[in-house]
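Reader: Hi! I'd like to chat through this model with you. Could you bring it up for us?

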Amino acid sequence: MSLKFSEIEYKWAADHVPIDQFNDWMFELAPPIRLRRYNEVTGTDTYFCKGNQVIRQREDGNLPHCLTIKLRRSTESIANRVEVDMFVDEEPNVSSKFLDLLGFKPEIAIIKTSYIHSIHDSDVGVTTVIYDVNVVIGKQKKRRRFIEIEIDKQDGLSVQKAMRVLGRWKKKMEKAFELGEPLNQSLFELYTGKNYAMAKEND
């Protein structure tokens with residue numbers, strides 16, 4: 001199991017958490033935690049489906065944009081999933097046409113605003129984000145807020161160590177923001193009622 005093709009992440013519903021409170025907490029973290037980068041991004045995730053196959057197209061107005069395939073490794077948790085990203089140095093309408101010709105059709109588009117903190121926790125890259133799902137195109141949904149913590153893909157880091165670091169951050173987040181249990185659904189699953197396909201044993 002390769003971390004390069006894995007997503008090691010927890011996600012929580014966080015409607016009760018103010019964005020300023022989350023950002024202030026992240027900016028005030030003490031060493032050995034160091035902030036590498038902070039970004040505010042509004043973009044669109046469009047999900048293209050063909051049977052039970054799903055490809056996410058992520059765009060924020062900049063190139064390259066990203067196509068992503070995700071698969072579940074468990075029905076009980078999304079903490080460790082298959083994730084393969086491919087960055088495309090073309091306009092999004094080119095990859096949309098490419099997917100269309102492969103038989104993938106747009107299922108749902110989600111517009112969200114994200115507040116992203118990229119940090120070093122000792123020798124491990126970690127990304128935390130609080131974000132609002134503002135619009136779900138084609139569906140009438142109120143704004144929802146989520147918090148995510150993800151271990152960055154990096155050379156020399158095993159999935160086992162990444163899971164240990166993720167577990168430590170899970171405890172920090174839940175204590176700091178009075179979060180409930182992590183969600184067992186991705187945004188695609190939450191808003192469509194469908195599930196990602198299960199990975200094969202060696203994926």
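This is a predicted model: local features need pLDDT of at least 70, side-chain atom pairs count only at pLDDT 80 or more; totals for chains, interfaces and linings use all residues.

Reader: Which kind of link do the side chains of Glu-174 and Lys-170 meet in?
Author: Those two side chains meet in a salt bridge, 3.1 Å from N to O. The term stands for a side-chain nitrogen of Lys or Arg within 4 Å of a carboxyl oxygen of Asp or Glu. Residues are numbered from 1 along each chain as its sequence is written, and side-chain values use heavy atoms, with hydrogens and water left out.

Reader: Thanks! Where do Glu-174 and Lys-170 lie?
Author: Both are in helix α3, four residues apart, about one turn of the helix. Helices (H or I, at least four residues) and strands (E, at least two) are DSSP runs, numbered from the N terminus.

Reader: Is Glu-174 buried or exposed?
Author: Glu-174 is buried, with a relative accessible area of 18%. Here buried means under 20% relative accessible area, exposed over 50%, and partly exposed in between, using a 1.4 Å probe and protein chains only.

Reader: How many salt bridges does the structure hold?
Author: The structure holds 19 of them. One of these joins Glu-189 to Arg-72, with the closest N and O atoms 2.9 Å apart. Glu-189 sits in helix α4 (residues 187-192) and Arg-72 in strand β4, so the pair ties together parts that are 117 residues apart in sequence. Glu-189 is buried at a relative accessible area of 1%, and Arg-72 is buried at 5%.

Reader: OK, switching to packing. Which residues touch the most other members in the largest nonpolar core?
Author: Ile-147, Ile-151, Trp-169 and Met-173 do, in a core of 29 residues. Such a core is a set of buried Ala, Val, Leu, Ile, Met, Phe, Trp, Tyr and Cys residues joined through side-chain atoms within 4.5 Å. Elements giving two or more residues to this core include β1 (6-13), α1 (19-27) and β8 (144-151). Its largest share, seven residues, comes from α3.

Reader: And what is Ile-151 in contact with?
Author: Leaving aside neighbours within four places in sequence, its contacts (heavy atoms within 4.5 Å) include Ile-8, Val-124, Leu-157 and Leu-166.

Reader: Nice. How many bridges join β6 to β7?
Author: There are 13 bridges, and the two strands run antiparallel. Strands count as paired if DSSP finds at least two bridges between them. β6 and β7 form a hairpin with two residues between them, and Ser-122 in the turn has a positive phi of about 55°. Ile-119 stands opposite Val-126 in β7.

Reader: Does β7 pair with β8 in the parallel or antiparallel sense?
Author: Antiparallel, over eight bridges. In that region, Asp-132 stands opposite Arg-145 in β8.

Reader: Why call β7 largely enclosed?
Author: Because 11 of its 14 residues are buried, β7 is largely enclosed by the rest of the structure.

Reader: Last topic, the surface. Which residues make the nonpolar patch of about 230 Å²?
Author: Phe-5, Ile-69 and Val-84 make that patch. Patches are made of residues with over 30% relative accessible area and no salt bridge, with like charges joined within 9 Å and nonpolar side chains (Val, Leu, Ile, Met, Phe, Trp, Tyr) within 5 Å. Accessible areas come from the Shrake-Rupley method with a 1.4 Å probe, and for residues only the protein chains shown count as cover. Ile-69 lies in strand β4 (residues 65-72) and counts as partly exposed at 39% relative accessibility.
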